Amino acid sequence: LPAEFEEAKEVLGAIQQAGFEAYFVGGSVRDTVLKFKIHDVDIATSAYPSEVKKIFKKTVDTGIEHGTVTVLDHGRAYEITTFRTESTYQDFRRPDHVEFVRSLKEDLKRRDLTINALAMRPDGEIIDLFNGLRDLKEGNIRAVGIAEKRFHEDALRMMRAVRFASQLDFAIEKNTLEAIRHNARLLQNVAVERIHVEWIKLLLGKNPKTALKDFLVTDLYRYCPLFADKKAIFEKMLTFENLQIGSEDAAWTLLCYLSNFSSSAVKKMLRAWKSSNDLIDNVTIATGVVDLIEQQKMNTWIYYKSGFHRLEIANEVATILGFGIDHAVLKENYAALPIKNKHEMKINGGTLIKNLRIKPGPQLGRVLTEIEHMVVTGKLENQTAVLLKAAKKQFEMEE
Ligand code: ATP
Ligand code: MG
């Protein structure tokens, strides 16, 4: 057993001592069978949340309405969720309420894919009620139970199926794929934030190309924000020999670059996907930089204005497209910049106001930017006296 499970065994033991069942479930069991590194250890139990809370000294109600209590043990946190069914579904979204049950089988039945419906006893024995082990071995993505029905209950499961196909480099089983094709339009009812998570995991996965093909043939893409007219772009992505994408920033930058997006089109797309402002800023700038790399128009000022993180994103995309700059060269060029940001300049607005008796205003801003440009491009040495003299000249010229 992985160390994470060994450490958690005591917690399961305590639940069993109190007379309830407890199992490892979900992604960590799947990843253990695959011999992958596991991230979070999820525990399922027949004990109700109130009963779990009586067993442990330190607990936090992190999601008690859907049955999850977090137990703190030896500085670690474990999410313990009561067996549950998700009975009433509305509008193909998540269930509006859950029902706690005492049976493991009921809990495993409501899970999305056979490979995600395995449970493991503390001694390592696996409980496999839906042939999840076979599917793991054969590399199949298969819905638990009747696929049609399961995608009706929660349409996000279709996106999860394609994302796991990419992450694990598995093939979606025929019947499940057919059910996705048939129900793709239901994805419209799912919150964008949830689709977003799966979409990015798909693109960053081990085999995004196969998953993208499924995304296209099932028509799922049509029901994602602003993707309806992007078929040709995804097809273009399928033609790249090596489509290994390292970050979400790079994933969107690639998509926006291939779409020939202006800054405002980038922003519109990413807002439709409810992205963070950080992501929007990075992708907007990086998309422009990819273009400059391709046209061999990179210069010191672009390096400076982009910042290293965005340069790396742009260059990762340029590399996928076949015109990237050698990473060591990119790093050297950046390191060679006289200053990395304007706070490193030896003068600022305050210095100019004080020394040259200039009033704050747009003119001051213009002069400062001009000086900044000259420092960055090596035309001026970054020394107070030198910059003051240059600033004075600039003001006189403006006058
Ligand atoms: P990851 O490694 O990405 O965390 P995971 O399988 O653990 O993968 P989670 O989203 O953490 O995915 O969900 C944990 C478990 O809950 C899944 O393994 C699955 O059994 C179940 N599950 C998650 N989302 C759904 C869903 N939409 N419908 C049914 N079961 C789900
Ligand atoms: Mg998980």
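A residue here is buried if 20 or more other C-beta atoms lie within 10 Å of its own, exposed if 12 or fewer, and partly exposed in between, with C-beta atoms placed from the backbone. By that count Asp 40 is exposed, because it has 11 other C-beta atoms within 10 Å.

This is a predicted model, in which local features need pLDDT of at least 70 and side-chain atom pairs count only at pLDDT 80 or more, while totals for chains, interfaces and linings use all residues. Residues are numbered from 1 along each chain as its sequence is written, and chains are lettered from A and ligands numbered from 1 in the order in which they are written.

**View 1. The shell around ligand 1.** Around ligand 1 sit Gly 26, Gly 27, Asp 42, Arg 111, Asp 112, Asn 116, Ala 117, Asp 154, Leu 156 and Arg 157; to count as near, a residue's C-beta atom, placed from the backbone, has to lie within 6 Å of the molecule. Sorted by class, that shell has two nonpolar, three polar and five charged residues. The classes are simple: Ala, Val, Leu, Ile, Met, Phe, Trp, Tyr, Cys and Pro are nonpolar, Asp, Glu, Lys and Arg are charged, and the others, Gly among them, are polar. Domain 1 (1–130) and domain 2 (139–240) each put at least three residues into the shell; the domain bounds come from an automatic or database domain assignment.

View 2. Asp 40 sits in the loop between helix H2 (27–33) and strand E2 (42–45), whereas Asp 42 is in strand E2 itself. Helices (H or I, at least four residues) and strands (E, at least two) are DSSP runs, numbered from the N terminus. Asp 42 comes out as partly exposed, because 18 other C-beta atoms fall within 10 Å. Leaving out residues up to four places away in sequence, Asp 42 touches Val 25, Gly 26, Ser 28, Glu 79 and Thr 81; a contact means that the two C-beta atoms, placed from the backbone, lie within 7 Å.

View 3. Asp 154 falls in the loop between helix H6 (147–153) and H7, and Arg 157 is in helix H7. Asp 154 is buried, because 21 other C-beta atoms lie within 10 Å. Arg 157 also counts as buried, because it has 26 C-beta neighbours inside 10 Å. Not counting residues up to four places away in sequence, Arg 157 touches Asp 112, Arg 150 and Phe 151.

**View 4. The largest nonpolar core.** This core has 100 residues, and Ile 43, Leu 187 and Leu 220 have the most contacts inside it. A nonpolar core is a set of buried Ala, Val, Leu, Ile, Met, Phe, Trp, Tyr and Cys residues joined through C-beta atoms within 7 Å. Helix H7 (residues 156–168) gives the largest share of the core, eight residues. Ile 43 touches Ala 8, Val 11, Leu 12, Ala 22, Phe 24, Tyr 78, Glu 79 and Ile 80, with residues up to four places away in sequence not counted.

**View 5. Domain 2 against domain 3.** Here 14 residues of domain 2 are in contact with eleven residues of domain 3. On the domain 2 side, helix H9 (192–203) and helix H11 (231–238) each supply at least two residues, and H9 has the largest share, five residues. That side divides into ten nonpolar, one polar and three charged residues. The C-alpha centres of domain 2 and domain 3 are 26 Å apart.

**View 6. Helix H12 and its cover.** Helix H12 (residues 248–258) is largely enclosed by the rest of the structure, because ten of its eleven residues are buried. Among the buried ones are Trp 252, Leu 254, Leu 255 and Tyr 257. The cover over the buried residues of H12 includes H9, H11, helix H13 (263–272), helix H14 (277–294) and helix H16 (308–320). Just after H12, Asn 260 takes a positive phi of about 60°.
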